[in-house]
Amino acid sequence: MKVAYLTNQYPKVSHTFIRREIAAVEANGIDVLRLSIRETPDQLADAADIAEQERTHVILRGGTAGLALATSATVAAHPLRFAKAFRMALRLGRRSDRGLLRNLAYLMVACATLRELREQDCD
């Protein structure tokens, strides 16, 4: 079994509890995929945090091109599911204080996250 831990930024100094939880899950024989939406801007000093940073896959590391490729792949593989998600993003974006573009960007990040989960064979 392989599970994923997804955070906005990982690891950070304040994420010691997450690192310990991941270690406990792995000690029980479960593989853990570490996913972070963004790079951690903090300068890490703890050796354990540095090791975690090396093991963490960053969704936005691929930039705009990576998001576009992941979104295109999702559209091609699951057109009806994507259309439903796209409509939801439009509906939420029109009502949101953050606006339509931000909600469409979130949809693209979700597509990139899905791609990473599938590539890493995550359950």
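This report describes the salt bridges of the structure and the surroundings of one threonine.

The model is predicted, and it holds 6 salt bridges. Side chains of opposite charge can pair when their charged atoms come close.

| Salt bridge | N to O separation |
|---|---|
| K12 and D42 | 3.7 Å |
| R34 and E26 | 3.1 Å |
| R34 and E52 | 2.7 Å |

The salt bridge between K12 and D42 links distant parts of the chain, since K12 lies in the loop between β1 (2-9) and α1 (16-27) while D42 lies in the loop between β2 (31-38) and α2 (47-55), 30 residues apart. D42 counts as partly exposed because its relative accessibility is 28%.

R34 takes part in a salt bridge with E26 and in another with E52. Together with R55, the residues E26, R34 and E52 are linked in a network of salt bridges.

Turning to the threonine, T113 is found in helix α5, which spans residues 100-119. Its relative accessibility is 10%, so T113 counts as buried. Leaving aside residues up to four places away in sequence, T113 touches L6, L35, I37 and I59.

Technical notes. Residues are numbered from 1 along each chain as its sequence is written. This is a predicted model: local features need pLDDT of at least 70, side-chain atom pairs count only at pLDDT 80 or more; totals for chains, interfaces and linings use all residues. Side-chain values use heavy atoms; hydrogens and water are left out. Helices (H or I, at least four residues) and strands (E, at least two) are DSSP runs, numbered from the N terminus. Buried means under 20% relative accessible area, exposed over 50%, partly exposed in between (1.4 Å probe, protein chains only). Contact means heavy atoms within 4.5 Å. A salt bridge is a side-chain nitrogen of Lys or Arg within 4 Å of a carboxyl oxygen of Asp or Glu.
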